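Keep the structure open as you read.

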Amino acid sequence: MSATAAAHAASHSVARMPSHTGPANKRIVTGYGFWIFLLSDFVIFASLFAAFAVLVHNTNGGPGPHELFDLKSVAVETGALLLSTYACGLASIAAHRRSAIGFYLAMLVTAIFGAVFLGLEINEFYGFIDKGAGPQRSGFLSAFFTLVGCHGLHVSLGMLWLFTMIAQVFAKGFRDDIQRRILCFSLFWHALDIIWVGIFTAVYLYGVYL
Amino acid sequence: MLGKLTWDAIPFDQPIPLAAGAVVALAVLAVLIYITVKGWVPYLWREWITSVDHKRIGVMYVALAILMLMRGFIDAVMMRTQQAVAFRSNGYLPPEHFNQIFSAHGTIMIFFGAMPFMIGLMNFVVPLQLGVRDVAFPTLNSVSFWLTASGALLVNLSLVVGEFSRTGWLPFPPLSEMTYSPGVGVDYYCWALQISGVGTVLTGVNFVTTILKIRAPGMTYMRMPIFCWTALAANLLIVAAFPVLTATLAMLLLDRYLGFHFFTNTGGGNMMMFMNLIWAWGHPEVYILILPAFGVFSCVVPTFSGKPVFGYRSMVMATMAICLIAFMVWLHHFFTMGAGGDVNAIFGTMSAIIAVPTGVKIFNWLFTMYGGRVRFTVPMIWSVAFMITFTVGGLTGVLLAVPPADFMLHNSMFLVAHFHNVIVGGTVFGALAGMTYWFPKAFGFRLHEGWGRWSAYFTIAGFYVVFMPLYVVGLEGMTRRLQHYDVGAWRPWMMVSVFGVLLALVGIVLEIVTIYVSIRDRESLRDEVGDPWDGRTLEWSTASPPPEYNFAVLPHVDHEEYYWRIKQAAARSETLPEEPHYVDIEMPRNSATGFVAAFFATVMGFALIWHIWWMVGVAFVGAYATFVAFAWRDHEEHVIPAETVARNDHARRAARAKALKAYSPR
Amino acid sequence: MRIKRAAVLTSALALSGCEISIFDPKGTIAAQDAQILVDSLAIMLAIVIPTLIAIVAFAWWYRAGNTRARYRPDFEYSGQIELVVWSIPALTVLLLAGVIWVGSHDLDPGAPIKGAGKPLTIQVVSLDWKWLFLYPDQKLASVNELVAPVGTPLRLELTSGSVMTAFFVPQWGSMIYTMNGMTSRLNLRADKAGDYYGEASQISGDGFADMHFKARAVSADDFAKWTQSAAGVPFDAAAYKELAKQGLANPALRPLAAPDLFSDIVTQKLPPGPGPKPSLRPPSVVN
């Protein structure tokens, strides 16, 4: 009896040999922390998605999704954002290879497609407001403008960050801390894509389907 | 030019808030002048305001929390006295003032009292217990603190400039919409919480990353002290729940500022969506408050029982179970919405289920005392008081989770008594236990035992005398937030309750005396060794106060009770472990980023509240420029040479070697 | 917008003589709610009282000064104890879950009261800061006074003409929210004649503390008499709009001239109350 217990205890302690080697390096910590931050950002969007789902039918006698949404324009928007993200991926590779020219070019392409996306979105918003379908019109439109607008706001702030990163690389080169920030920026930009896929599906496609 | 801000914003016609505001403003001014005259400003700026040291930030969090707890307590005194006198009369507080007071009381106590206290303790303790030098993002940590302080400042500013929310600690629409609350009160509430909320989320991100990625070698998950587990759970809750609050308040703000229709009566809004969203954050919030307190007790009870915590794995499992179930019970805050039998039954049952892991924790502390040698120091007094009080609070909580019982008690004084029973009895007792327990680690001397004991007795007695009568009036049908009432049966209980406030006040005064006496007699209360309580976890292995870098060399952990074991081994062999090889240590440099960014955040919040749009723009540019300036710096770290490390550690070892002779191993 | 409270106070004074305690139920729902409350309490006390005793006993017996207590510094795990500490709360909660499940369904506010006669429909509208009770079948509109015949099931339909609040007569039973644009349902039955205290139980603004009403349970004859006593100008949409303005009101009974008043409020054909006039700090509402 006691022999088994002892053997058990022994195997127990073997299983608990220190496999953990201490604090992770800065790149891992930064990337990991930024992912946690992005998850919290996703929760904000989750709340806005929930609000949209609750209010989508509350049109208050105003226009509903199928009367407003122009899927063609949204498809172009989506394409622009995806291309922008692709370019952002290229910028990461260029940064990894420490190619300044490649990095600037790829970031510029990222910015251009980002701007196209924003332009189309602003155009869409402007068109809605012009038709008397602004966010004050109904609960549905409030939720729509807030959800899509919040994503747009993220893209706008991302653009600000993008140019700051270009300036940082120009001034400081590919230092370790700059590389970590480039990593975070690209995580951010890709996360916006994930959100957009959700918006495209749950807002536009589903809205028109309703 | 100044938006809605005019001289009307200053309540010249209302003597009570004006006088209170003037006194506070004068006190702050006096303190500032005193500090300046004494020449302490450079020291404060260098060592505290710009510090990115988790220990300093932790201390500042706790200091802010104590200040705000006192402000909230003053509100409580006003509410209790008002309800004591406002029987068939209007008392001394008109409704528009009384409603601000209970709203401010709840907001301040939860967001700027209890939460910063817990976050402060986590800040101070977690890296020390994990055996590391700092949190994952030290500068971000400073930003978090100063944003919290910024929110607290805005809430207190509303005392003198404008008004505070009059809709309760949660601004339920449509009452909080522009139609029914046209003043700036709700805006103060929302912007203060948005700003401090950003700080809280960043804290959550920081601590989840720290606990998951920055631990001493060998510190596997199942070797972390329970406090680190509860901190992990609380911060996971922060990361997952606080963004919901941010989004919900943003929607309310859009309704108020731009005429959106999220929660309005008209235009297709849905007020019950607010209830669902706010409680989807609000229920996890109470576990954000209580879980770290559970962690404190899981440190205090084993230490003063002279035993490891009983059922470590159960404790971990219970903590994580609470963390998960916390998200599945929000609807019990509005059973009376009339959602139907199935919905109410499911959420009622889920709420009752949370009592299981919580009960397990109580039993495990109980069995930690079993077979121990319990020393009734001040932290232990708080802990035993907690176990009893929290069990009672848990009982009434589960009672409220039974829908038909809730139909009678929802929104009543019974509910008020219940949540104070768990939040005061759990979080506040835990905060005070933790403060007393870790005070010597932070400052190098203990708090005076005798005075602290009396403070605890009075506060605990005061708590019971205040809140037990509220259970009774709740059962007599008294609803909460009544500015006056005409029911004779409630009156005597209100008088008893106000007497309890007096007892609690004595307790608080005694706590201040304790701190004063302890500072005065600090030489006789000095903790030379760094282990005043015969502790078991890693924070007690370093000096008190710990050096900036915490540990001369990172420990190599090989057991749950690693420090306890090496301490016993050293005591048995009467020799300290071998002297390590010291190397240079890199530590992050101080940064004004947090302070400056919070300055701009405060300005932006104020400008938004009063619709001063140009100032909003200026503040945004300022905040952005601050971060760019931070990103532009070339030197992130400074080096502490190995000789300095060695010198400090030699002093620590000498003190330990001396103490070793007097220590008898267990 | 200052309001004289004197008149309102007198009516409140008359009210304060009555009992309120929820352990003194005067309606079937209140009695059942209270029963469930007591049952749940009993189930939990069975585990809570021994726990409280154990906390005190363990803390006292294992105090450092007690040399008779055995010190077991390595006692940190016991499978049996673990099993017990998990299973006892789990079993308690299992039992309680049964109470919750049955109670939630039996006492759902929307569920009609079983085995009783023809129910009386009363429509309840919460306003800033008064209660409007409409009796569509009797064509009555009563402000701040709810009168019901003893023993007759009451089918309450509730809404709000302004902010959200809650309707509650502690001795009759369950409270329920009133929400603008929505109808909530509550079924009650008063079982003993008397005057009871009714209140708003969700903060609704500056006049909240005065937003209580008298709930009277009377005999069938007295109820018939009461329905005949309506006097004054018939209550119509215009009268409603006037009443919906912020302020307090005295009890009054008037004939109901607008039969669709309740549905007009719910569908917002009659818009929700206007709230205070925009100003930085609204003036005192109550003197």
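Two strands pair if DSSP finds at least two bridges between them. Strands (E, at least two residues) and helices (H or I, at least four) are DSSP runs, numbered from the N terminus. This is a predicted model: local features need pLDDT of at least 70, side-chain atom pairs count only at pLDDT 80 or more, and totals for chains, interfaces and linings use all residues. Residues are numbered from 1 along each chain as its sequence is written, chains are lettered from A and ligands numbered from 1 in the order in which they are written, and side-chain values use heavy atoms, without hydrogens and water.

Start in chain C. Six strands make an open sheet there, ordered β8-β5-β1-β2-β3-β11, with mixed pairing. β8 (184–188) and β11 (252–255) of chain C each have a single partner strand, so one side of each lacks a neighbour in the sheet. On average, neighbouring strands are turned by 25° against each other, direction ignored. Look at one edge. β3(C), residues 140–143, runs antiparallel to β11(C), and four bridges join them. Within that pair, C:Ser142 has C:Leu253 as its bridge partner.

Chain C also holds an open sheet of five strands, in the order β4-β10-β9-β6-β7, again with mixed pairing. Its edge strands are β4 (145–149) and β7 (173–178), each pairing on one side only. The twist averages 20° from one strand to the next. β4(C) and β10(C), residues 212–218, pair in the parallel sense over five bridges. Here C:Val147 stands opposite C:Arg216.

α4(C), residues 220–228, lies across β1 (120–127), β2 (130–135), β3 and β11 of chain C, at about 95° to β3(C). Axes are lines fitted to C-alpha atoms, for helices over the stretch in contact (heavy atoms within 4.5 Å), and angles run from 0 to 180 degrees between N-to-C directions. α4(C) also lies across β4 and β10 of chain C, running at about 135° to β4(C).

Now turn to chain B. The axes of α10(B), residues 341–369, and α11(B), residues 378–400, come within 11 Å and cross at roughly 155°. α10(B) and α11(B) are therefore roughly antiparallel (over 145 degrees). The contact involves residues including B:Trp365 and B:Ile362 of α10(B), and B:Phe386 and B:Phe390 of α11(B).

Chain B is also divided into domain 1 (445–526) and domain 2 (528–584 + 641–666), with bounds from an automatic or database domain assignment. Their centres, taken over C-alpha atoms, are 39 Å apart.

Notes: Angles under 35 degrees count as roughly parallel, over 145 as roughly antiparallel, 65 to 115 as roughly perpendicular and the rest as oblique.
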